[in-house]
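Opening the notebook on a new model today.

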Amino acid sequence: MIERVWLTPTLAKEVADHARAAYPAECCGVLAGRGGDVLRVIPVENVSDTPESAFAMSPAGLASALVSLEREGLALVGFYHSHPKTPPIPSGRDIAGSHYPDAAQLIVSLEGGEAVVAAWRIGVGEVQRLDLFIQSARPDDSQVEPLMLTPFQRIMVVVSGVVAVLVVVVTALALLPPPPELPLN
């Protein structure tokens, strides 16, 4: 399980440049490497029906990225996507759509014009901020500090998770067939 994420300034710039190029849509991609060390960034096409507020990785693009990293002897570190107009905090949709609880989720925000990046682990009903190092040299373990979220941030993460669960439940209920009609005697 990944506890922290490290990538070089060059790789962080690749992610930010991808976000800027996709704006106003969200971008997305794969982070490849070893442990929490990102050694390669692989952009994947966003095929969402609402790309300005959501991302859905192209199944063919994702499969190609996973085959590519396997071929190169790399492992899946995580995924990245952008928030063109909101902070780099997982949205309810991000939480509901996360299917890799051990992978890092890197979010780059373009809110305010500057690229701001944060790393998260999104598990079933749990969101945890990860230490993120954007520097040339790989961090040693003494640089990792415990995560401290403000009370407001903790509340917002919980609220996002609850909203995500409610959206999934309401959607599932809406897709159920109507009940059979019972004859009246």
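**Cysteines**

I started with cysteine 27, which counts as buried at 1% relative accessibility. This is a predicted model, so I keep that in mind for every value below.

Next I looked at cysteine 28, and that residue is buried too, with a relative accessible area of 0%. Which cysteine sulfur is closest to the one in cysteine 28? It is the sulfur of cysteine 27, 6.8 Å away, and that is too far for a bond. The cut-off I need here is 2.5 Å between the two sulfur atoms. A search for disulfides gives 0 in the structure. Cysteine 27 is accordingly in no disulfide, its nearest cysteine sulfur being that of cysteine 28 at 6.8 Å.

**Overall layout**

I then went through the secondary structure and found 4 helices and 7 strands. Read from the N terminus, the order is β-α-β-β-α-β-α-β-β-β-α.

For dimensions, I took the C-alpha trace along its principal axes and got about 80 × 40 × 35 Å. How much of the protein is buried? Of its 185 residues, 40% are.

I also checked contacts between residues at least 6 apart in sequence: 64% of them join residues at least 24 apart.

**Surface and charges**

For charges, I have 12 positive and 20 negative ones in the protein. I compared their mean positions, and these are 4 Å apart.

**Aromatic rings**

Last item: how many aromatic pairs turn up in the whole structure? I get 1. The partners are phenylalanine 79 and tyrosine 100, with ring centres 4.8 Å apart and 55 degrees between the planes, so I log the pair as tilted. Edge-to-face would need an angle over 60 degrees.

Tyrosine 100, by contrast, is partly exposed, with 36%.

Technical notes: Residues are numbered from 1 along each chain as its sequence is written. This is a predicted model: local features need pLDDT of at least 70, side-chain atom pairs count only at pLDDT 80 or more; totals for chains, interfaces and linings use all residues. Side-chain values use heavy atoms; hydrogens and water are left out. Buried means under 20% relative accessible area, exposed over 50%, partly exposed in between (1.4 Å probe, protein chains only). Helices (H or I, at least four residues) and strands (E, at least two) are DSSP runs, numbered from the N terminus. Contact means heavy atoms within 4.5 Å. Lys and Arg count as positive and Asp and Glu as negative; His and the chain ends are not counted. The place of a charge is taken as NZ of Lys, CZ of Arg, CG of Asp or CD of Glu. Rings of Phe, Tyr and Trp (its six-membered ring) pair if their centres lie within 6.5 Å; planes under 30 degrees apart count as stacked, over 60 as edge-to-face and the rest as tilted.
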